[in-house]
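Here are my notes on the model you sent over. Have the structure open while you go through the points.

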Amino acid sequence: MLKYQEEKRKMQAETQNSFLQAVFETQESERKRLAVDLHDSVGQVLSAIKLNLHRIDKLSGNAENASTLLASTRKLTDECIQEIRNIIHNVLPAVLIDFGLADGLKDLCNYVQQNTGIEVNYSQNLNGARFKPEIEITLYRMIQELFGNAIKHAQASVIDISLSKEAELIHVNFKDNGIGFNKESIIHGFGLKNLQSRSQLIKADIKIHSIIEKGTQTTITLNINELDN
Ligand SMILES: Nc1ncnc2c1ncn2[C@@H]1O[C@H](COP(=O)(O)OP(=O)(O)O)[C@@H](O)[C@H]1O
Ligand SMILES: [Mg+2]
């Protein structure tokens, strides 16, 4: 009996440990992404602005050149503001937090369609239902990763995404019509690993099905009451 209890305690500790490890890795890669985003976008633009200002200072005797530089600097500033908005949108999707998953995803779909030219078809039947924050945020992050992959790797022209609720189950179906990939021959990045660890966090089941030259389909299913058990 004692031995059994000891075994059970050990197993629980191990589960807890890998759970925390997954949370930690997810947060770390989130931070890494934020740092890379800031460096690549805002950092670059700000450096250009600084250089321009330095040159304007030197040119102050030459009014015409100075006004050209000022116009270009203003444009850079606008770009910078837009980049910051994009990053904030990524890090903290306000619509998601305030209005929930269905509206958050709608916003994300519009954003992707407008910024990539990919046709994004979205449907949902949630009727305004809200879920625990960890479910909403985790699913949203997973779908962000799926969008990222479809945009970066798939060369897709159409993405279909549906979010549905049937009794206690939530289903997400995400499909691109891109080039597909072979699980054995890809270099595993953080993204696919993160999808697995995030689905473990919310006890969801994730299946990725990809066919070369046909596209990739990912389904995520979870029971909204499962997290409490
Ligand atoms: N939707 C997709 N279409 C085509 N290839 C994909 C898709 N998703 C993932 N892949 C392939 O799987 C690899 C690993 O993806 P991932 O783990 O998300 O890493 P990353 O996106 O950082 O490269 C990608 O580099 C790509 O080759
Ligand atoms: Mg990825």
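**Notes on the model**

1. Helix α5 (residues 133-154) packs against helix α6 (residues 190-201) at an angle of about 160°, and their axes are 10 Å apart. Axes here are lines fitted to C-alpha atoms, for helices over the stretch in contact, with angles running from 0 to 180 degrees between N-to-C directions. That makes α5 roughly antiparallel to α6 (over 145 degrees; under 35 would be roughly parallel, 65 to 115 roughly perpendicular, the rest oblique). The crossing of the two, α5 and α6, is left-handed, meaning the near helix is turned anticlockwise from the far one by less than a right angle.

2. Before going on, a caveat: this is a predicted model, where local features need pLDDT of at least 70 and side-chain atom pairs count only at pLDDT 80 or more, while totals for chains, interfaces and linings use all residues. Residues are numbered from 1 along each chain as its sequence is written, with chains lettered from A and ligands numbered from 1 in the order in which they are written.

3. Which residues of α5 and α6 meet? On the α5 side they are Thr138, Arg141, Met142, Glu145, Gly148 and Asn149, and on the α6 side Gly191, Asn194, Leu195, Arg198, Ser199 and Leu201 (contact: C-beta atoms, placed from the backbone, within 7 Å). This α5 contact with α6 is made of three nonpolar, six polar and three charged residues; Gly goes with the polar ones, and Asp, Glu, Lys and Arg are the charged ones.

4. Overall, the protein chain has six helices and five strands (DSSP runs: H or I of at least four residues, E of at least two). Along the sequence the order is α-α-α-α-β-α-β-β-α-β-β. The radius of gyration is 23 Å, well over the 17 Å from the globule rule for 229 residues, so the chain is more spread out than a compact globule (C-alpha atoms; the rule is 2.2 Å times the number of residues to the power 0.38). The C-alpha box along the principal axes is roughly 90 × 40 × 40 Å.

5. Of the 229 residues, 19% count as buried (20 or more other C-beta atoms within 10 Å; exposed is 12 or fewer, partly exposed in between).

6. Two backbone spots to check. Ala167, in the loop between β2 (158-166) and β3 (169-176), has phi near 50°, positive for a non-glycine. Ala167 is exposed, with 6 C-beta neighbours inside 10 Å. Glu213, in the loop between β4 (205-211) and β5 (215-223), has a positive phi of about 70° without being a glycine. Glu213 counts as exposed, with 8 other C-beta atoms within 10 Å.

Definitions and conventions. Contact = placed C-beta atoms within 7 Å.
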